[in-house]
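Look over the sequence and the structure before reading on.

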Amino acid sequence: MLHDPSHYEEPAQAEEIILPPRDKEILRRLGGALAEIAVLPVNKERAELWQKLNDRESVRPMVWINEIPWHEMNVDDELTLQTEHPWARDQEREIRRTLYQWRHLQGDMVVSDFYAVPLAVHSTDFGIRENVDLAKTDESSEIVSRHFNVQIESFDDLEKIRMPVVTHNKEATEFRYQAACDVFGGLMPVKKQGQTHIWFTPWDYLIRWTGIENAMLMMYEEPDFLHAAVERLVDAWMTELDQFVEQNLLSLDCSNTRIGSGGYGYTRELPGNKFDPAAVKPLNMWGCSNAQIFSEVSPEFHWEFAVQHDLRWMKRWGLNYYGCCEPLDGKAGVLEKIPNLRKVSVSPWCKTERAVAELGGKYVLSRKPNPAILAEDVWHPERARKELRDFLDAAKGGKCHVELIMKDISTVRYKPQRLWEWTQIAMEEVRRF
């Protein structure tokens, strides 16, 4: 995620990365295991299936697992870090998680055939952090309940939302790249990678600063203020995107890159005809948006206070994804106004029959099975199977293109085998589709 409203990320420091021999040995061993997986033919086969899905020529539904409670998943020290250097620990953490997911939660995941080194890009962000009271049920988990303290309630307060400044520390990037080449060279290609998919979601931010109840009431009581607030946030994102373009910091996401709240971005339609490999533009990439807090907001207000403002952003991209947790059945008329819309989130709170009838065939349905089934006192695999089968049967009847994205997994009650089994069940069901 490019932004996180809960904290400010400091710019990268340009420091040479010198690893202890043991750290390098550990990373090379893990990198070797990753490289062996990366060249397996199944990765290409799955990439083609994802591409067909996103081009609405699907062979079968696709399955992917994301937003995993990693603090509950460690078995036999598969995720236990052994390196010491901070950079090495960051690489080790990601590689171990990739290897773990390949072993236990594979679904239709695709492993890259190169090692990506992110450019040392920094954004000053939007100048305002969330001010929250937290409630925790598990001190080892990053998943908490938040009460948002109000920071924006007048036109004057909108000045707190600042226009971002984007910088690229080329020296820091080069140090990262050289370290990765030193460790992984000879195992797999190493490539620098700019900013790929951008999670654009003005309403996820705004309600953290206005408070949720206040924002809902403002639609009736202070609509002009609310429009101004959303417009300023869109201005901020657009200002940032312009700098990514000007500084040539974007990288393609029609790959095994997560798109919106869904799965991978493989498609024949991107990067498109107007593509210069030396200068990636938004029109070569996927865009997205959502308004998760609008679950109970009417289609008219969803358009007026969310999608209408989003259009300035979404017009810039080659294809678009819309939605996350908010149910979008009953809002087809709003979705039809989004340019180049290809994928739509179908959350657990959608009415399946209506979603299939309104959206099926026209868009890829990015189905989000309810992760709550993994958090109950007793695991019910037979119920998990029924929930998947019921949706897939309805989708098959509607000739839909479907991806199953298990995400927002707050807990598996420290029983990772539940998620392993869910993955197996999901693959069995999509193969019978």
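## Cysteines

How many disulfides does a search of the whole structure find? It finds zero. A disulfide here is a pair of cysteine sulfur atoms within 2.5 Å.

This is a predicted model, in which local features need pLDDT of at least 70, side-chain atom pairs count only at pLDDT 80 or more, and totals for chains, interfaces and linings use all residues. Residues are numbered from 1 along each chain as its sequence is written, and side-chain values use heavy atoms, leaving out hydrogens and water.

## Two cysteines in detail

Take cysteine 325. The closest cysteine sulfur belongs to cysteine 324, at 4.2 Å, which is too far for a bond. Cysteine 325 is partly exposed, with 23% relative accessibility. Buried means under 20% relative accessible area, exposed over 50%, and partly exposed in between (1.4 Å probe, protein chains only).

Cysteine 400 is in no disulfide either. Its nearest cysteine sulfur is that of cysteine 350, 12 Å away. Cysteine 400 is buried, at 4% relative accessibility.

## Helix 1 against helix 3

Which residues meet (heavy atoms within 4.5 Å)? From helix 1 they include Leu27, Leu30 and Leu34. Among their partners in helix 3 are Ile95, Leu99 and Trp102. The contact residues divide into 11 nonpolar, two polar and three charged.

How values were computed. Contact means heavy atoms within 4.5 Å. Helices (H or I, at least four residues) and strands (E, at least two) are DSSP runs, numbered from the N terminus. Ala, Val, Leu, Ile, Met, Phe, Trp, Tyr, Cys and Pro count as nonpolar, Asp, Glu, Lys and Arg as charged, and the others, Gly among them, as polar.
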